[in-house]
Amino acid sequence: MTDAQLAAHLAEVAGRLLLEVRAAGVLSLKALGKAGDATANQFLCHALRELRPDDGLLSEEEKDNFDRLANSRVWIVDPVDGTREYGEERTDWAVHVALAIDGRPVHGAVALPGAGLVLRSDQPAPVPPAPDRLRMVVSRTRPAAEAMAVAAALDAEVIPMGSAGAKAMAVVLGQADIYLHTGGQYEWDSCAPAAVALAHGLHVSRIDGSPLVYNQADTYMPDLLICRPQHAQPVLDLLAQQ
């Protein structure tokens with residue numbers, strides 16, 4: 001398999017495993033999230049170490065191995081992006097599998113198991129046109145003040161949603177137009193969504209317009225913007241005024 005095919009295959013299988021764990025019906029909300037994270041993480045990490053032994057690996061659910069910093073190729077995974085939504089049997093959670101090369105999100109896949117979808121960097125599709133009134137996805141539990149201010153300035157409809165992957169893929173699928181986040185994330189939250197969004201021709205950046213850079217010693221990544229190219233500059237201009 002190519003790197004992109006491997007990312008998509010692993011994300012899809014991990015998603016199926018997570019659905020099976022949830023369908024067993026024997027775990028409470030908190031325990032279900034922990035079991036799902038552990039199950040998906042074990043599968044993804046063992047598979048990547050078996051199939052790409054010379055590459056680096058960064059997973060939310062494993063202790064960081066800083067040997068990865070010497071690798072130009074590093075797999076960055078989030079076994080369950082949106083553990084709360086997964087445990088609540090919602091559909092807005094995701095599995096992220098990405099390969100960063102020299103810090104860039106080159107290949108990736110985002111599985112949305114609850115919706116039966118896998119969005120991938122090697123199978124881009126046209127992003128549907130935007131409606132007259134733009135739609136912005138924000139956190140359903142703690143929407144960022146900056147995002148709400150930009151939405152108000154653009155008179156955009158605000159759509160609360162769960163995981164970062166689900167929000168980013170809503171833009172890819174044409175279900176939303178802007179995903180603006182300023183509340184703090186980590187590399188595994190955005191690497192696969194960024195790879196998929198870039199492959200689909202979307203704008204992907206930090207909120208100052210600079211590119212997202214991965215495989216850093218400090219994995220904290222506080223902000224990002226994913227949208228159609230024509231919407232990027234108006235959003236960046238509004239952010240600069242705040």
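**Exercises: helix contacts and ring pairs**

In helix 5, residues A164, G165, A168, M169 and V172 touch D189, P193, V196 and A197 of helix 6; contact here means heavy atoms within 4.5 Å. Helices (H or I, at least four residues) and strands (E, at least two) are DSSP runs, numbered from the N terminus. Keep in mind that this is a predicted model: local features need pLDDT of at least 70, side-chain atom pairs count only at pLDDT 80 or more, and totals for chains, interfaces and linings use all residues. Residues are numbered from 1 along each chain as its sequence is written, and side-chain values use heavy atoms, with hydrogens and water left out.

**Exercise 1. Work out how helix 5 and helix 6 run relative to each other, and what kind of residues make the contact.**

Step 1: Take the axes of helix 5 (residues 164–172) and helix 6 (residues 187–199), which come within 9 Å and cross at roughly 10 degrees. Axes are lines fitted to C-alpha atoms, for helices over the stretch in contact, with angles from 0 to 180 degrees between N-to-C directions.

Step 2: Name the arrangement: helix 5 is roughly parallel to helix 6. The cut-offs are under 35 degrees for roughly parallel, over 145 for roughly antiparallel, 65 to 115 for roughly perpendicular, and oblique for the rest.

Step 3: Sort the contact residues of helix 5 with helix 6, and you get seven nonpolar, one polar and one charged. Ala, Val, Leu, Ile, Met, Phe, Trp, Tyr, Cys and Pro count as nonpolar, Asp, Glu, Lys and Arg as charged, and the others, Gly among them, as polar.

**Exercise 2. Find how many residues of helix 5 are buried, and what follows the helix.**

Step 1: Buried means under 20% relative accessible area, exposed over 50%, and partly exposed in between (1.4 Å probe, protein chains only).

Step 2: Nine of the nine residues in helix 5 are buried, so the helix is mostly covered. K167 is one of the buried residues.

Step 3: After helix 5 comes G174, with a positive phi near 80 degrees.

**Exercise 3. Classify the ring pairs Y86–W93 and Y186–Y220.**

Step 1: Rings of Phe, Tyr and Trp (its six-membered ring) pair if their centres lie within 6.5 Å; planes under 30 degrees apart count as stacked, over 60 as edge-to-face and the rest as tilted. The count comes to three aromatic pairs.

Step 2: Y86 and W93 are edge-to-face, at 4.9 Å centre to centre with 70 degrees between the planes. Y86 is buried at 0% relative accessible area, and W93 is buried at 0% too.

Step 3: Y186 and Y220 have ring centres 5.5 Å apart and planes at 70 degrees, so this pair is edge-to-face. Y186 sits in strand 9 (residues 185–186) and Y220 in strand 11 (residues 220–221), so the pair ties together parts that are 34 residues apart in sequence.

Step 4: Y186 is partly exposed at 37%, and Y220 is partly exposed at 42%. Y186, W188 and Y220 form one aromatic cluster.
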